[in-house]
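Please keep the sequence and the coordinates at hand while reading.

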Amino acid sequence: MDYERIPDQQSGRSWAKIAAAIVIATLLAVLAVLLLLPGVISINGFLGGDGGITSTFSVNPGNSEPSNSSGSGATLDISYPPNYDILANYSLTIINQDRTTAGLSSVVLSPVPSAQQHADSMLENGYFSHWDTQGYKPYMRYTILNGTGFVEENVAYESTTLPTFISTSSVEAAINSLEWQMVNNDSTCCQNGHRDNILTSFHNRVSIGVAYDSTNVYFVEDFETYLTSLSTPINQGDLVTLSGSTLATINPNSILIFYDSPPQPLTSLQLNTEYYGSYDQGTFLGGIVPPCNGIFSRCLQFAEGITDQATTWQVSGSSIDIQFSLSNFIQRNGDGVYTIYLIQGSQENPEYLTSISIFVTSS
């Protein structure tokens, strides 16, 4: 008698269940490994093409009050021309005209006097540079004068051989010409660095500096992204605290740390030759990421340099409280200036929220 063997359907179903369980377990194991592995932040995405911030520009290559001091121990003197308010408001008007034409919101005048301090220093000491006679870069001066946002600087000047700038209107004409050049004729000299600063959508404040005599006008724009009102002092030793109120919704995801060697005094000759040109952020050291246990989220890690986790990272719709230590960075690099860039957004389109310099000296 012939007969056909009927497969054991129950046995087949059991093997199918076992196979499915193995697949699920494998997937869960892979997922767990991925969660435990650090995510990598590529620093290249946060820098400009040449690593620079901006560049200089030139046409034809009052009362003093002490400033506040910062961790640098420095005090910067500031002088204002008697018609400063008129000139500053005129400058703000034409800046906002350029921004409106580009479809951007207006900026407001900043109370941080960093631009005026630098314009005054250049006129008094006869140089044209982003650095100054104390060796400070723009973000260092900005910090010394209690700036806690992010700053990018434009500097420009116009000079003549005959006395020309002898009235408010003549200085306004020079400012108008310099602003036009920076917006409309900036590509050849400066790769549109000035234009980009003026027309960056993230900027919402500008510190304006105007200093002049009869043959020279120095014009400085320190554009700011100011979205947090932070308490000072920012640091106590190597412990850094970014704490205060937020002026808009922010979602920072990391902090970049850059290093400059201790600033040294510079002569006008050095400033007009060796230090004539664009400035950069210094040397990238690594950065700070939010605390991470690696269980329910991927831990971020910088592709280069040091990666440390913050001890506190709390950001809400109205406040910010981030705390971390610079000790590992200082132990490796020693005395110098450590500048803190709080970042939000993507690597392709990052928004810098701070450029705060911490001055470290062993003495």
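Which residues does Ser357 touch, not counting residues up to four places away in sequence?

## Basis of the report

This is a predicted model, in which local features need pLDDT of at least 70 and side-chain atom pairs count only at pLDDT 80 or more, whereas totals for chains, interfaces and linings use all residues. Residues are numbered from 1 along each chain as its sequence is written, and side-chain values use heavy atoms, with hydrogens and water left out.

## The surroundings of Ser357

With residues up to four places away in sequence set aside, Ser357 touches Tyr139, Met140, Thr143, Val337, Tyr338 and Thr339, where contact means heavy atoms within 4.5 Å. Ser357 belongs to strand S22, residues 356-360; helices (H or I, at least four residues) and strands (E, at least two) are DSSP runs, numbered from the N terminus.

Ser357 counts as buried because its relative accessibility is 4%, given that buried means under 20% relative accessible area, exposed over 50% and partly exposed in between (1.4 Å probe, protein chains only). Its side chain also makes a polar contact with the side chain of Thr339, at 2.9 Å. A polar contact is a pair of N or O atoms within 3.5 Å; within protein, one must be able to donate a hydrogen and the other to accept it, and residues adjacent in sequence count only if both atoms are side-chain atoms.

## Salt bridges

The whole structure holds 5 salt bridges, each defined as a side-chain nitrogen of Lys or Arg within 4 Å of a carboxyl oxygen of Asp or Glu. Asp132, Arg141 and Glu153 are linked in a network of such bridges: Asp132 meets Arg141 at 3.5 Å, N to O, and the closest N and O atoms of Arg141 and Glu153 are 3.1 Å apart. The latter pair links distant parts of the chain, with Arg141 in helix H4 (residues 138-144) and Glu153 in strand S7 (residues 150-159), 12 residues apart. Asp132 is buried at a relative accessible area of 2%, Arg141 is buried at 0%, and Glu153 is buried at 0% as well.

Arg205 forms a salt bridge with Glu224, the closest N and O atoms being 3.0 Å apart. This pair, too, links distant parts of the chain, since Arg205 is in strand S8 (residues 205-212) and Glu224 in strand S9 (residues 216-225), 19 residues apart. Both Arg205 and Glu224 are buried.

## Aromatic rings and nonpolar cores

Arg205 also lies over the face of Tyr226, at 3.6 Å from the ring centre; a charge sits over a ring if NZ of Lys or CZ of Arg is within 6 Å of the ring centre and within 35 degrees of the ring normal. Ring pairs join Phe150, Phe258, Phe284, Phe302, Tyr341 and Tyr352 into a cluster, a pair requiring that ring centres of Phe, Tyr and Trp (its six-membered ring) lie within 6.5 Å, with planes under 30 degrees apart counted as stacked, over 60 as edge-to-face and the rest as tilted.

In the largest nonpolar core, of 60 residues, Ile208, Leu256 and Tyr341 have the most contacts inside it. Apart from that core lies another of 27 residues, among them Ile234, Tyr259, Ile306 and Val360. A nonpolar core is a set of buried Ala, Val, Leu, Ile, Met, Phe, Trp, Tyr and Cys residues joined through side-chain atoms within 4.5 Å.
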